[in-house]
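I opened my notebook to look up a few things in this structure. The entries below follow the order of my searching.

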Amino acid sequence: EGGRYCDREALNTPTGECDEGYFCSGGAESRQEEECPPGHYCGKGSSEALECKPGEYQPDKGQGECLPCPPGQYCPDPGMDDTEGQCTKGHYCPEGAIDPVPCKEGTYNDILGRTSDADCQNCKPGYYCPGTGRFEMENKFRCKAGYFCDGSKPVSSSTGGTKCSIGMYCPKGTEQELPCPIGTLGLKTGLGSEEKCTACPKGYVCDNEGQEEASGECAPGYFCPEG
């Protein structure tokens, strides 16, 4: 009888159940008839060795249960006697991971063996991170002109950063918005270059950086050309 053993002849019933960590197929004469191999588990009274499930592994023989895949590693297949290895970049692997979990849009991770979504960081300043599972910054994913990406929040598209304020301008890949220089005005949001700043109108003074309107009219007795 499977899972049981008979240690002598002419018995009406089996002597008992096979020990944990072992299995007893039909005709077993010992409670430790066959030792459970690595990658498998055998509970008490097992008639066969059972494969560890995906997300588990067992490196040792003679075991009654499998181990959860440790944090930072993953176990994708049944019957594993070792983990597949460290969690890949752009992903994280909590305990019991079957496959690496990709970092969400707007975040990245450039280190192997990460264990939680908290290890996925916001995209580096000046960049955005489209799609999931990103592990590096690419020049083609620099923040769009007219916006700035300071790394304070997840940014998943070229216009996902913060729109440049009035009085400021933001070239492509800007980390922090820049003030329109003295003698100019920033009349609207989303300016993408210094050239988009408007010259101070004739007869007026713009004597500070980052102005959205002139400081005032030219003083009596003075001439103020445009800019």
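**Entry: a cysteine pair**

I started with Cys18 and Cys24, whose link has 75° about the S-S bond and is right-handed. Their sulfur atoms lie 2.4 Å apart, and the pair forms a disulfide. I took a disulfide to be a pair of cysteine sulfur atoms within 2.5 Å.

I noted that this is a predicted model, where local features need pLDDT of at least 70, side-chain atom pairs count only at pLDDT 80 or more, and totals for chains, interfaces and linings use all residues. Residues are numbered from 1 along each chain as its sequence is written, and side-chain values use heavy atoms, with hydrogens and water left out.

Is Cys18 buried or exposed? Cys18 counts as buried, because its relative accessibility is 0%. I use buried for under 20% relative accessible area, exposed for over 50%, and partly exposed for in between (1.4 Å probe, protein chains only). Cys24 is also at 0% relative accessibility, so Cys24 counts as buried.

**Entry: other disulfides**

How many disulfides does a search of the whole structure find? I got 11 disulfides.

I looked up Cys87 and Cys93 next. They form a disulfide with sulfur atoms 2.1 Å apart. The torsion about their S-S bond is about 75°, so this disulfide is right-handed. Cys87 has 0% relative accessibility and therefore counts as buried. Cys93 counts as buried because its relative accessibility is 0%.

Then I turned to Cys200, which a disulfide joins to Cys206, at 2.0 Å from S to S. This disulfide is right-handed because the torsion about its S-S bond is about 75°. I found both Cys200 and Cys206 buried.

**Entry: charged pairs**

Side chains of opposite charge can pair when their charged atoms come close. I counted a salt bridge when a side-chain nitrogen of Lys or Arg was within 4 Å of a carboxyl oxygen of Asp or Glu. By this rule I have 3 salt bridges.

One of them joins the side chains of Arg114 and Asp119, at 4.0 Å from N to O. Arg114 has a relative accessible area of 28%, so Arg114 is partly exposed.

Which residue forms a salt bridge with Arg134? I found Glu138 there, with the closest N and O atoms 2.6 Å apart. The side chain of Glu138 also meets that of Lys140 in a salt bridge, at 3.8 Å from N to O. I wrote down Arg134, Glu138 and Lys140 as a linked network of salt bridges.

Arg134 is buried, because its relative accessible area is 15%. Glu138 has 24% and is therefore partly exposed. Lys140 reaches 56% relative accessibility, so Lys140 counts as exposed.

**Entry: a nonpolar core**

By nonpolar core I mean a set of buried Ala, Val, Leu, Ile, Met, Phe, Trp, Tyr and Cys residues joined through side-chain atoms within 4.5 Å. The largest one has 6 residues in all: Tyr128, Phe141, Cys143, Tyr147, Cys149 and Val155.

Contact means heavy atoms within 4.5 Å. Neighbours within four places in sequence aside, the contacts of Tyr147 include Thr159, Gly161, Lys163, Cys164, Cys170 and Pro171.

Where is Gln58 found? I located Gln58 in the loop between strand E7 (56-57) and strand E8 (67-68). Strands (E, at least two residues) are DSSP runs, numbered from the N terminus. Gln58 is buried, because its relative accessible area is 2%. A polar atom of its side chain lies 3.0 Å from the backbone nitrogen of Asp60.

I listed the contacts of Gln58, leaving aside neighbours within four places in sequence. Among them are Pro38, Gly39, His40, Cys52, Leu67, Met80 and Asp81.

Asp81 sits in the loop between strand E9 (73-74) and strand E10 (85-86). Asp81 counts as partly exposed because its relative accessibility is 43%. With neighbours within four places in sequence set aside, Asp81 is in contact with Pro38, Gly39, Tyr57, Gln58 and Pro59.

How are the C-alpha atoms of Asp81 and Pro59 placed, and what separates them? I read 4.4 Å between these C-alpha atoms, for residues 22 apart along the chain.

Methods: Helix = DSSP H or I, 4+ residues; strand = E, 2+ residues; numbered from the N terminus. Polar contact = N/O pair within 3.5 Å; in protein donor to acceptor, adjacent residues only side chain to side chain.
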